[in-house]
There are 2 protein chains.
Amino acid sequence: VASVGELGEFGLIRAVTQRLPQAWAVVLGPGDDAAVVSADDGRVVVTTDLLVERRHFRRDWSTAYEIGRKAAAQNLADVAAMGAVPTALVVGLGVPGDLPAAWALELADGLRDECDLVSASVAGGDVVRSEMVVLAVTALGSLEGRPPVTRSGAGAGDVVAVCGRLGWSAAGYAVLSRGFRSPRVLVEAHKRPEPPYDEGPAAAVLGATAMVDVSDGLLQDLGQLAAASGVAIDVDPTALPVDQPLRDVAAALGGDPLGWVLAGGEDHALAACFPAGVELPAPWQVVGSVAEGEGVTVAGAPYELPAGWDHFR
Amino acid sequence: VASVGELGEFGLIRAVTQRLPQAWAVVLGPGDDAAVVSADDGRVVVTTDLLVERRHFRRDWSTAYEIGRKAAAQNLADVAAMGAVPTALVVGLGVPGDLPAAWALELADGLRDECDLVSASVAGGDVVRSEMVVLAVTALGSLEGRPPVTRSGAGAGDVVAVCGRLGWSAAGYAVLSRGFRSPRVLVEAHKRPEPPYDEGPAAAVLGATAMVDVSDGLLQDLGQLAAASGVAIDVDPTALPVDQPLRDVAAALGGDPLGWVLAGGEDHALAACFPAGVELPAPWQVVGSVAEGEGVTVAGAPYELPAGWDHFR
């Protein structure tokens, strides 16, 4: 089995590139000084994340494929949270020389397959040597002629709604960190989030006034949105989806399922504000309201995380 | 003096963002899930590089400001090499918790000032903890309605021309690696390249058939261009600019100035092919010719690097 050092930079780039079909939006793909990507309404949405081994992922917990899926997902979700449709990724990859080349190829497969969910593709990148695995993912997207849905547009009287899983990744982390490998559905959710990509642009069309990707935890990300908009947000805990797998594992491990839902990160759900009275389709659930003021409360009061809460970010 | 750990992720992002004015092309700057950048002809040029401490830069050789300038320069040069005008950067930064916050702020100043040369700006980014400093830079650019100038368009009969410094960075590296700090002009050239940004779009307007950023060394990068175009390139060594500082330091250290010019990387000069008979303005110098065949020769023969050549990439 060849290592990336034996394959060499150019050999690795060639092998990776062969696994990456190019989607419609890529005008010029890998192999030149830069790629060229369609930006059909004259603007491009761009977001970047840096992931470092042992801090953002663990090679003994996740396969290369899962790490690729998750790295792509968190960036594609940021594009969706602007109300945009992802078009392409570019990826910087740092690898130790003794890393099996197959690991890098499986990572590329993971990036590719997550992109494929939204008809985007990996349009370019960079491969360098590094003592630990480092992954820098930049995602591009198209607003399709709409204004971006920022964090700063919420107004008093709006409702707050969420879409996608909340707390699943945190519960899966709790399971893994105690040395267990099941329930599988939560472990899988930690290794590979399933952001509701299509609901980002859909929210924009539905008239969302503000939106954020839930990456650091619902309360923290709503806090960012509230601060940017200059409003207060109150969350109704009885309206929050506390899914059955979370209740089950909390009972078994002694965790707090509501804590995971309120403060767990990395699920890449979407939280958005809409004008009162809007008809929201099924995937969206109204979980709170916007008022004048500042900060985020739960049932009208400041929320204290349970003692021993695991801040895993 | 605060460390980045004391300042915290959000404190650092706030302090960095305050130092980053936004240029015309940035529709929505830092602070949201993603930035929005103008892409006025309906396409965007995108390129990314990953830089890892001790492999791509050394904190004991270069200041944070110099590292920021160089990291921006090498990406902006890739945009220019497509015949495009840079519009924005997004930057992922990994930092150890005990790194002085001032170091990160000076890095941001370097990124900002290099962008300022081309009226671009840093439109967004990500800050994470990392054991060593890691810098992921993605540059965007506009083709202003022109086709991209790729590596693959050269044809037999074209001339090969270069623009910008060649060998200066390699000579500066030779000086530094022997423990010297002068000649200052070469040491500075190693720490901070000066790519001829405006000549990229200018070459496109002049009818360049192919172009490449000279980052790995003239012969190696021309080799990439020749392979992509399916042509042979011959370089005339008597036409190459072997600048006086290179001759001086080669005499003093026993180096080979022509070796630096032919194989030294990181100057981010531009090499381009043009149809025979084109009138090239002063910054461009014709240094070779394109024929049918494959590979790169110097004066008609394969070029052997001098013994002991320092492959510093």
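**Entry 1. Strand pairing across the chains**

I began with Val36(A) and found that its bridge partner in S3(B) is Val45(B). Strands are DSSP runs of E with at least two residues, helices are runs of H or I with at least four residues, and both are numbered from the N terminus. The model is predicted, so I kept to its thresholds: local features need pLDDT of at least 70, side-chain atom pairs count only at pLDDT 80 or more, and totals for chains, interfaces and linings use all residues. Residues are numbered from 1 along each chain as its sequence is written, chains are lettered from A and ligands numbered from 1 in the order in which they are written, and side-chain values use heavy atoms, with hydrogens and water left out.

I then looked up Ala35(A), whose bridge partner in S3(B) is Val46(B). S2(A) and strand S3 (residues 43–52) of chain B run antiparallel and are joined by 4 bridges. I took two strands as paired if DSSP finds at least two bridges between them.

**Entry 2. The sheet that holds strands of both chains**

I traced an open sheet of 6 strands with mixed pairing, in the order S1(A)-S2(A)-S3(B)-S6(B)-S4(B)-S5(B). Its edge strands are S1 of chain A and strand S5 (121–129) of chain B, each of which pairs on one side only. From one strand to the next, the twist averages 25 degrees. Helix H2 (residues 64–80) of chain B packs on this sheet and touches S3, strand S4 (85–95) and strand S6 (134–142) of chain B. I noted that the direction of H2 makes about 145 degrees with that of S3(B). Axes are lines fitted to C-alpha atoms, for helices over the stretch in contact, and angles run from 0 to 180 degrees between N-to-C directions.

**Entry 3. The interface of chains A and B**

I counted contacts, meaning heavy atoms within 4.5 Å. In these terms, 56 residues of chain A are in contact with 56 residues of chain B. The two chains bury about 4,200 Å² between them, with 61% of it on carbon and sulfur atoms. Asp33(A), Val46(A) and Leu50(A) supply 16% of the area that chain A buries against chain B, more than any other three residues. Buried area is the accessible area (1.4 Å probe) that two parts lose on being put together, summed over both.

I next searched for salt bridges, defined by a side-chain nitrogen of Lys or Arg within 4 Å of a carboxyl oxygen of Asp or Glu. There are 6 salt bridges between chain A and chain B. One of them joins the side chains of Asp32(A) and Arg151(B) at 3.8 Å, N to O.

Which elements of chain A supply at least two residues each of the side that touches chain B? I listed several, among them strand S1 (26–28), strand S2 (35–38), strand S8 (210–214) and helix H7 (218–229). S3(A) gives the largest share of that side, 9 residues. The residues of this side divide into 28 nonpolar, 14 polar and 14 charged. I counted Ala, Val, Leu, Ile, Met, Phe, Trp, Tyr, Cys and Pro as nonpolar, Asp, Glu, Lys and Arg as charged, and the others, Gly among them, as polar.

**Entry 4. A salt bridge within chain A**

Over all chains, my search of the whole structure gave 31 salt bridges. I examined the one between the side chains of Asp109(A) and Arg19(A), at 2.9 Å, N to O. This pair links distant parts of the chain, 90 residues apart: Asp109(A) is in helix H3 (residues 101–116), and Arg19(A) is in the loop between helix H1 (4–18) and S1 of chain A.

**Entry 5. A sheet within chain B**

I found an open sheet of 6 strands in chain B, ordered S8-S10-S7-S11-S9-S12, with mixed pairing. Strand S8 (210–214) and strand S12 (295–298) of chain B are its edge strands. Strand S7 (residues 159–163) and strand S10 (residues 269–274) of chain B pair in the antiparallel sense over 5 bridges. Within S10(B), Leu270(B) is the bridge partner of Cys163(B).

**Entry 6. Backbone geometry**

I checked the peptide bond from Ser182(A) to Pro183(A) and found it cis, with omega near 10 degrees. Pro183(A) lies in the loop between helix H4 (168–177) and helix H5 (184–191) of chain A. In chain B, a cis peptide bond joins Ser182(B) and Pro183(B), with omega about 10 degrees. I also recorded Ser119(A), where phi is positive, near 60 degrees. Ser119(A) is in the loop between H3 and S5 of chain A.
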